Amino acid sequence: MPYRSLREFVAALEQSGELLRIKAFVDPVLEISEITDRISKTPDRNKALLFENTGTEFPVLMNAMGSERRMCIALGVNALDDTMHDIESLFHKMSSPKKGLMEKLAMLPELGRFASYIPKVIKGRGACQEVVMAKPDLAKLPIIKCWPEDGGPFVTLPSIHTKDPNTGIRNIGMYRMQVFSTDMTGMHWHKHKVSARHFNEYKKLGRRMPVAVALGGDPVYTYAATAPLPENVDEYMLAGFLRKKKVELVKCLTQPEIEVPADADFIIEGYVDPGEDLIWEGPFGDHTGYYSLPDWYPKFHVTAITHRKDAIYPATIVGIPPQEDAWIGKATERIFLTPIKMTMVPEITDMNMPVEGVFHNLVITTINKEYAGQGQKVMNAMWGAGQMMFNKILVLSDDAAVSKVNIYDYGALARYVMNNINPATDIYFSQGPMDVLDHSCSKMGFGGKMCLDGTRKFDEEITDRLLPFNISPDFSKGRIMKAFPEITGLNDRIAADWGIPVLFVAVKKEQPEQISALHREFCRQSGLGGIKMILYVEHTVGVEDTADVLWRFCNNVDPKRDHFFAGERNKVLGLDGTRKTKKLDNFDRPWPNIIVADDKTIEAVDRKWGSLGIGKIIMSPSLRYKTQLYRGGATVLDSE
């Protein structure tokens, strides 16, 4: 169902038992984020939060789409796959051959339904313009500061509207906005984004770039702004399809070239001047679980702020997973599976982006394999498909009908994949565009990729017979740790208990090329027969926590640069997922810290918890990560 305002969505969440109201004062600076982090990481207490006393006239809605159920409520479906099936049905109807006039005429209602989703500009003002601030002042909004090393408060759920100055085609994207003054923010659009291309076009023309930011309204608008649509496809067309009703737009008051949703809660109008000096923006605690470090970005000058009379300010936090963005990403995974299958990679049968991979870092794909080399064909197609170009690690498996494994059963899936892999021939390395937020790349936005082809192999692909793995009785964790004092932790349970030929090893790294040298010596130890892969992480990481190891490893590794083979016939792959430094690794970029709350905020929220009315206190998730922090704030000190 379409929601006419964010308040209507809040009512739906409350009616479903998915919302908690907090009436006590909570500071938008750090405290709202800390409470949200505790709630969102506690599965049996995970709810949307409405902070009603923020020190401003506006309440703040947090974690609104932070579970599968709430994401479904936002999209008006019973299950996320419902939308996928709807898209699949539409594709089949539109693309199937029509035998005669009657079959062609039968398509008219479908075409009419599709046309009804096209956004429409209406005359007059919308509900989003019921109140116009006499003087635009961002300080009147409860804009949150999320983490202690953030550069300031950030608008974290903005739907940012721009247009191509040559074609007039609209784009809506979501990019964080750091607040620098009452009427100026940064505009953090990456070089790969459509809005950044619009910015460059305005720069060529020597013209100011009109921009408008929408907040609230139907949550589908927020989702559509994050969706990885092809360039020149209107996000509000997708929104209309998802809500089964066209989006009505109104012209901005001070930037009339831009149209915005009439029923949004807030509109921030303004411009970016391409001829103006950039501003040093950041740091920001990002969705990778690490700080993204400061860089130069355009300034956004506010010319008007309008809002509904009953406006609710929406916000989100990102950080160490899981957070709300994991569920927004899960919706994208399900919604866009059909377009990927039907337009680019038809052999794909399912896809899963585990939360530990923070979207791009780790993608699992199952395929219907019919010939030798098909895995490589899928690999190349995936890395050339829109935002999948940012993927770092791609894991391929057979369709469940062949593997008899559910793509969400990670233990069984990993066992199947690794039993089908010869590390010397079935793991592929490449390089290409990477997410600007990927701190492991030697050069920003360009780095290594890896594909593990865990599909069953045809005769043409087999060089050595693959045997099911069982850990050797000669393997001794104690002996290995005694032999290598730099090893601070070794997780062999994955191999011993789950039958997966992989080890996790934590290492205190103190000299150049230490990990590759260690890997060579490690692989000479007895009892390693059948082990195919060893993942190395830094000494601060607890290797017994598989989720944490994968999160830290996927963030810190550049697979092309950081891999090495050793062991009998070079069949044991080592991957260095430790922190990289100038001294030890000749790594020239600054390295970010992981994101944790500061002690002062944790203590303040502990004291305040009893007044919040949301049940028994939940201890801060940040406490378990304090020992993994390095000195230096958002950027790790070189001396660490």
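1. Buried means under 20% relative accessible area, exposed means over 50%, and partly exposed is in between, computed with a 1.4 Å probe on protein chains only. Phe359 is partly exposed, with a relative accessible area of 21%. Phe359 lies in the loop between strand E21 (348-352) and strand E22 (362-367); here helices (H or I, at least four residues) and strands (E, at least two) are DSSP runs, numbered from the N terminus. The phi of Phe359 is near 75 degrees, a positive value in a residue other than glycine.

2. The model is predicted: local features need pLDDT of at least 70, side-chain atom pairs count only at pLDDT 80 or more, and totals for chains, interfaces and linings use all residues. Residues are numbered from 1 along each chain as its sequence is written, and side-chain values use heavy atoms, with hydrogens and water left out.

3. Most residues other than glycine have a negative phi, and most peptide bonds are trans. Glu513 has a positive phi of about 55 degrees and is not a glycine. Glu513 is placed in the loop between strand E27 (502-507) and helix H17 (514-522). Is Glu513 buried or exposed? At 63% relative accessibility, Glu513 counts as exposed.

4. One joins Gly282 and Pro283, with omega about 0 degrees; Pro283 is in the loop between strand E15 (279-281) and strand E16 (284-285). The peptide bond from Pro321 to Pro322 is also cis, with omega near 5 degrees, and Pro322 is found in the loop between E20 and helix H10 (324-335).5. Two packed helices are described by the angle between their axes and the distance between the axes. Helix H1 (residues 6-15) and helix H3 (residues 68-75) pack at an angle of about 135 degrees, with their axes 10 Å apart. Axes are lines fitted to C-alpha atoms, for helices over the stretch in contact, and angles run from 0 to 180 degrees between N-to-C directions. H1 is therefore oblique to H3; angles under 35 degrees count as roughly parallel, over 145 as roughly antiparallel, 65 to 115 as roughly perpendicular and the rest as oblique. The crossing of H1 and H3 is right-handed, a term used if the near helix is turned clockwise from the far one by less than a right angle, anticlockwise being left-handed. Phe9, Ala12 and Leu13 of H1 make the contact with Arg70, Ile73 and Ala74 of H3, where contact means heavy atoms within 4.5 Å.

5. H3 is largely enclosed by the rest of the structure, because six of its eight residues are buried. The buried residues of H3 are Arg70, Met71, Cys72, Ile73, Ala74 and Leu75. Just after H3, Gly76 takes a positive phi of about 70 degrees.

6. Helix H8 (residues 219-226) and helix H9 (residues 235-243) have axes that come within 9 Å and cross at roughly 135 degrees. H8 and H9 are therefore oblique to each other, and H8 passes H9 in a right-handed crossing. Residues making this contact include Tyr221 and Ala224 of H8 and Leu238 and Leu242 of H9.

7. How many aromatic pairs does a search of the whole structure find? The search finds 13. Rings of Phe, Tyr and Trp (its six-membered ring) pair if their centres lie within 6.5 Å; planes under 30 degrees apart count as stacked, over 60 as edge-to-face and the rest as tilted. Tyr175 and Trp189 form an edge-to-face pair, 6.2 Å centre to centre and with 90 degrees between the planes. This pair links distant parts of the chain, 14 residues apart. Tyr175 is buried at 7% relative accessible area, and Trp189 is buried at 4%. Phe587 and Trp591 have ring centres 5.5 Å apart and planes at 70 degrees, so this pair is edge-to-face. Ring pairs also link Phe58, Phe266 and Tyr313 into a cluster.

8. Charged groups over rings come next. Lys244 lies over the face of Phe241, at 4.4 Å from the ring centre. The charged end of Arg552 sits over the ring of Trp551, 5.5 Å from its centre. A charge sits over a ring if NZ of Lys or CZ of Arg is within 6 Å of the ring centre and within 35 degrees of the ring normal.

9. Ser33 is in helix H2 (residues 31-40) and counts as buried at 0% relative accessibility. Leaving aside neighbours within four places in sequence, Ser33 is in contact with Ile144, Lys145, Cys146 and Ile317.
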